[in-house]
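The structure is shown first.

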Amino acid sequence: MTTSDRCPCGSGRTYDGCCGRLHRGEAQARTADELMRSRFSAFALRDEDYLRASWDPTTCPPRIRLDPDRRWTALEIVATTGGGMLDREGTVEYLAHHEHGDLEGVLHETSHFRRHEGRWVYVGPA
């Protein structure tokens with residue numbers, strides 16, 4: 001992915017100006033929604049290191065297995081609760097579209113996020 005490509009998270013911004021800066025560690029997510037978007041982009045780009053770093057250490061699995069045949073194609077944020085710049089916890093309901101071979105699918109989940117040591121982390125399904 002080049003720095004001028006559109007970000008996989010669907011923000012409409014370039015990857016470099018959106019999730020790329022989070023993936024490179026140049027910035028931290030300010031909201032749960034922003035962390036959700038950056039995690040979707042990490043799945044789309046198969047960035048296991050970022051997924052692990054953005055996962056709550058109490059719920060992060062010992063191994064992250066990404067299916068090399070699954071391609072994450074679009075993210076739709078349905079709703080958010082809390083998760084703002086002054087909140088300690090929040091949820092993000094989303095639809096993550098994907099392709100696996102000739103099949104298309106949608107993952108519908110409401111994810112729980114919390115602040116851990118001052119930064120947003122993914123806890124798990126709400």
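## Strand pairing

Two strands count as paired if DSSP finds at least two bridges between them. The model discussed here is predicted. Strand 2 and strand 3 run antiparallel and are joined by 12 bridges. Together they make a hairpin with 2 residues between the strands, and glycine 101 in that turn has a positive phi of about 65°. Across this pairing, glutamate 99 stands opposite glutamate 104 in strand 3.

Strand 2 (residues 89-100) also pairs with strand 1 (residues 70-82), in the antiparallel sense and over 11 bridges. This hairpin has 6 residues between its strands; glycine 83, in the turn, has a positive phi of about 75°. Glycine 82 has glycine 90 of strand 2 as its bridge partner, while arginine 71 stands opposite glutamate 99. In a regular strand the side chains alternate between the two faces of the sheet.

## Nonpolar cores

The largest nonpolar core contains 20 residues. Leu35, Met36, Phe40 and Phe113 have the most contacts inside it. Two or more residues each are given to this core by helix 2 (32-45), helix 3 (48-53), strand 1, strand 2 and strand 4 (119-125). Helix 2 supplies the largest share, 5 residues. Apart from this core lies another, of 5 residues, including Cys7, Cys9, Tyr15 and Cys18.

Leaving aside residues up to four places away in sequence, leucine 35 touches Ala29, Tyr50, Ser54, Phe113, Trp120, Val121 and Tyr122.

## Helix 2

The 14 residues of helix 2 should span 20 Å at 1.5 Å a residue, and the C-alpha atoms at its ends are 20 Å apart, so the two values agree. After the helix comes arginine 46, with a positive phi near 60°.

The buried residues of helix 2 are Ala32, Glu34, Leu35, Met36, Ser38, Arg39, Phe40, Ser41 and Ala42. They pack against helix 1 (19-23), helix 3, strand 1, strand 2, strand 3 (103-116) and strand 4.

## Aromatic contacts

How many aromatic pairs does a search of the whole structure find? The search finds 4. One aromatic cluster is formed by Phe40, Phe43 and Trp72. Phe40 is also among the buried residues of helix 2.

Arginine 39, another buried residue of helix 2, lies over the face of tryptophan 55, at 4.8 Å from the ring centre.

Note on methods: Residues numbered from 1 in each chain as written. Predicted model: local features only at pLDDT ≥ 70, side-chain atom pairs only at ≥ 80, totals over all residues. Heavy atoms only, no water. Phe/Tyr/Trp six-rings, centres within 6.5 Å; stacked < 30°, edge-to-face > 60°. Lys NZ or Arg CZ within 6 Å of the ring centre and 35° of its normal. Helix = DSSP H or I, 4+ residues; strand = E, 2+ residues; numbered from the N terminus. Core = buried A, V, L, I, M, F, W, Y, C linked by side-chain atoms within 4.5 Å. Buried < 20%, exposed > 50% of the residue type's maximum accessible area, 1.4 Å probe, protein only. Contact = heavy atoms within 4.5 Å. Expected span 1.5 Å × (residues − 1).
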